[in-house]
Amino acid sequence: MLAAMALGATGQRYSFTFEPKGRTDTVLYIGRYYRDAVTLIDTARAKNGSYTFRGDRPWRRGVYALVAQDGKKVVSDICIDGSLKFTVSGDANLSAASVKVKGCKVNRQMFEYIATEQAAKREVDSLRELKKDEARRAEATAAEERLIDRMTAYEKSATHPKNANVFFDLQNACEAPEVPDSVDDKATWYRMHYWDKLFAALKADGDLKGTLLYSPQLFSKLNYFFYGPMLYYADSDTISKEVDRMMARTGGDTALMRYVLGHIEPRYFRSTKNVGWDAVWCHIASEYYLKGRCPWALPGTITNMGYNYNRIRQSIIGAHGQELWMADTNQSADPNDWISSHRFPTPYVILWFWDPDCHHCQEQSEELKKLYDAMVARGEKRFEIYAVGYESDVEKWKDYVKEHKFNWVNVGGTNVNIDYQEAYNVHGAPTMIILNRRRDIIMNKVLPAKNIMSFLDDYEKKHQTPKH
């Protein structure tokens, strides 16, 4: 496969010269993309304001990064496709509008395309600003529509098969689908067909996979699909189904599976803000890594993933909350005196894991107190707060509770039936868990106090018992 995608055999010289006017870097690098990282693979030193990369190595057809001296900032993208000798000149950042290319048609076409797109975007921004002026709104709207039509025609012409090269092959493969006017649910149709062109292109051109895996386009498309507006607020079941659909379309291709799962798995594992994303991670772990479908994963990685899976799955939304029995501020050692987290008459229980030394915990606890006291005063006790003091200094915790008059259920210390940190994946404060009437977990992120009542209202609307 590498031979099919490589340009130039060993011994064939290459010479790529860049002339960014006014740039002061001592060296520049060429880097290869993979997901959101760039691996540096070639170096050129400055000489009279230019940087020339020379050698006799074979080059994989694709998009590469020209990287600044710090080894991190990408100055510009470049294409290597056919020509192994070319010169690119322009301003210090090689901005597309300034670039002149000699000896390489694909780079010339790429920079012209980018410059045209950027100019159109600036024009759109200006017209949208003009539309704020009521007197000129109609004029600006008409101009914007003409611009959109002009750019649509330009893009179709520029990416026509007659202009085929690595840049436009990638553009076409990663192009967004056009939703038919006849479709009612346009958002769902768009999501369901988002990957059609890419997998059709891979099927038509087997060599495209190697180019695609090392391109910024695939990363951007994958990032937009899973973390953009289509799925960012979707429930965990919907996201998990999309993961499965994506994996099915790879046809078991190990390189594609590794790219996709290696990109999305860490994001869902590390998320602390998105509701339900931990359940998506559990799905990825159990269905792919722990079932032996990821042969690239090292044994230590699988072992660690299994440990995290067993820990996290207990506290995902939908799981039954484990019952805690803990001592209150009296700190009795007799289990008969301990208080249960589940045995309250209220429809909901809020498990509030907090630390009196934590500033955020202090602020949130005060807001919770206002909400709780007002609710009790109205005689509408919709939930109980089971507040677990996440503090090893028991006397400090007890003094804080007394001083701030927290009138909910206060428990803490080491007199407890199970390890609540493991049971509810509590590895920092504050942590909030909301349990429903069955004491199943319905929320495992910290909600601001002002949002709790509206969250419960929304939950009840979605889970109301049908009336017969």
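Predicted model: local features only at pLDDT ≥ 70, side-chain atom pairs only at ≥ 80, totals over all residues.
A polar atom of its side chain lies 2.9 Å from the backbone nitrogen of Asn-330. Beyond residues up to four places away in sequence, Asp-328 touches Ile-339, Trp-397, Asn-410 and Val-411.

Lys-398 forms a salt bridge with Glu-395, with 3.7 Å between the closest N and O atoms. Both residues are part of helix α14 (residues 394-404), where they are three residues apart, about one turn of the helix. An α-helix has 3.6 residues a turn, so residues three or four places apart point the same way. Glu-395 counts as partly exposed because its relative accessibility is 48%. Lys-398 is also partly exposed, with a relative accessible area of 23%.

In total, the structure holds 25 salt bridges. One of them joins the side chains of Arg-23 and Asp-25, with an N to O distance of 2.9 Å. Arg-23 has a relative accessibility of 16% and therefore counts as buried. Asp-25 counts as buried too, at 13% relative accessibility; the cut-off for this class is under 20%.

A further salt bridge is found between the side chains of Asp-169 and Arg-61, at 2.7 Å from N to O. This pair links distant parts of the chain, 108 residues apart: Asp-169 is in helix α4 (residues 166-173), and Arg-61 is in the loop between β6 (59-60) and β7 (62-67). Asp-169 is partly exposed at 22% relative accessibility, whereas Arg-61 is buried, with a relative accessible area of 19%. Arg-61 and Asp-169 also belong, together with Asp-81, to one network of salt bridges that share partners.

Twelve of the 13 residues of α11 are buried, so the helix is largely enclosed by the rest of the structure. The buried set comprises Trp-277, Asp-278, Ala-279, Val-280, Trp-281, Cys-282, His-283, Ile-284, Ala-285, Ser-286, Tyr-288 and Tyr-289. These buried residues pack against four helices, namely α8 (216-227), α9 (236-249), α10 (254-270) and α12 (299-312).

The nonpolar interior was considered next. In soluble globular proteins, nonpolar side chains tend to be buried together. The largest nonpolar core contains 105 residues, and those with the most contacts inside it are Phe-16, Phe-226, Leu-261, Tyr-268, Tyr-386 and Tyr-424. Helix α11 supplies the largest share of this core, with nine residues. Another core, of 29 residues, lies apart from it and has among its members Ile-350, Cys-358, Trp-397 and Tyr-400. Trp-397 is also one of the residues touched by Asp-328.

Several backbone features were also noted. Most residues other than glycine have a negative phi, and most peptide bonds are trans. The peptide bond between Ala-429 and Pro-430 is cis, with omega about 0°. Pro-430 is located in the loop between α15 (420-423) and β16 (431-435).

Leu-94, which is not a glycine, has a positive phi of about 50°. Its place is in the loop between β9 (85-90) and β10 (100-102), and at 3% relative accessibility Leu-94 counts as buried. Lys-405 likewise has a positive phi, near 55°, in a residue other than glycine. Lys-405 lies in the loop between α14 and β15 (409-416). At 58% relative accessibility, Lys-405 counts as exposed, whereas Leu-94 is buried.

Definitions and conventions
Residues numbered from 1 in each chain as written. Heavy atoms only, no water. Polar contact = N/O pair within 3.5 Å; in protein donor to acceptor, adjacent residues only side chain to side chain. Contact = heavy atoms within 4.5 Å. Buried < 20%, exposed > 50% of the residue type's maximum accessible area, 1.4 Å probe, protein only. Helix = DSSP H or I, 4+ residues; strand = E, 2+ residues; numbered from the N terminus. Core = buried A, V, L, I, M, F, W, Y, C linked by side-chain atoms within 4.5 Å. Salt bridge = Lys/Arg side-chain N within 4 Å of Asp/Glu carboxyl O.
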